[in-house]
Amino acid sequence: MNISKINRLLSLAENYFYSNNYYLSEEILKKILKLSPTHSKANELLAYIYGNKGDLDSSYQLLELSCSEKDCSPEALYI
């Protein structure tokens, strides 16, 4: 899968996330992470979904992974 397709999927996942449709967002993010396990934004969004579900351990682990990448967002650094 090429970068532009991953970016389109990420945009779709973000739209679902911001619409509180965590289920569809999570499904798309998992597809992205199968192709690119260290994708920082996908790991960050999935961490927020897990946090909203109460799975704080998984959320924290994903945020740590996201923060280990050079392109992580400033928000992810506030774990």
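This is a predicted model: local features need pLDDT of at least 70, side-chain atom pairs count only at pLDDT 80 or more; totals for chains, interfaces and linings use all residues.
Residues are numbered from 1 along each chain as its sequence is written, and side-chain values use heavy atoms, with hydrogens and water left out. The average pLDDT, the predictor's confidence in each residue from 0 to 100, is 92 for the protein, and 95% of the residues score at least 70. Confidence is lowest in helix 4, at a mean of 93, and highest in helix 2, at 97.

The protein has four helices and zero strands, where helices (H or I, at least four residues) and strands (E, at least two) are DSSP runs numbered from the N terminus; the order of elements is therefore α-α-α-α from the N terminus on. The radius of gyration, taken over C-alpha atoms, is 11 Å, close to the 12 Å that the globule rule (2.2 Å times the number of residues to the power 0.38) gives for 79 residues, so the protein is as compact as a globular protein of that length. Along the principal axes, the C-alpha atoms fill a box of roughly 30 × 30 × 20 Å. Of the 79 residues, 35% are buried, where buried means under 20% relative accessible area, exposed over 50% and partly exposed in between, with a 1.4 Å probe and protein chains only.

Ile 6, Leu 9, Leu 10, Ala 13 and Phe 17 are buried in helix 1. They cover an arc of only 105° around the axis, which puts them on the same side of helix 1, the arc being that of the directions from the helix axis to the C-beta atoms. The buried residues of helix 1 pack against helix 2 and helix 3, while Arg 8 and Tyr 18 are exposed on the other side of helix 1. Just after helix 1, Asn 20 takes a positive phi of about 65°.

Helix 4 (56-67) buries Ser 59, Leu 62, Leu 63 and Ser 66. Seen down the axis, the buried residues of helix 4 fall within an arc of 100°, so they line one face of the helix. What covers them includes helix 3 (40-53), and on the other side of helix 4 Asp 57 and Gln 61 are exposed.

Leaving aside neighbours within four places in sequence, Ile 32 is in contact (heavy atoms within 4.5 Å) with Ile 6, Leu 9, Leu 10, His 39 and Ala 42.

Ser 25, in helix 2, counts as buried at 0% relative accessibility, and beyond its neighbours within four places in sequence it is in contact with Ala 13, Tyr 16, Phe 17 and Ile 49. Ser 73 lies in the segment after helix 4 and is buried, with a relative accessible area of 14%; Ser 73 and Glu 44 are 29 residues apart in sequence and 8.4 Å apart in space, C-alpha to C-alpha.
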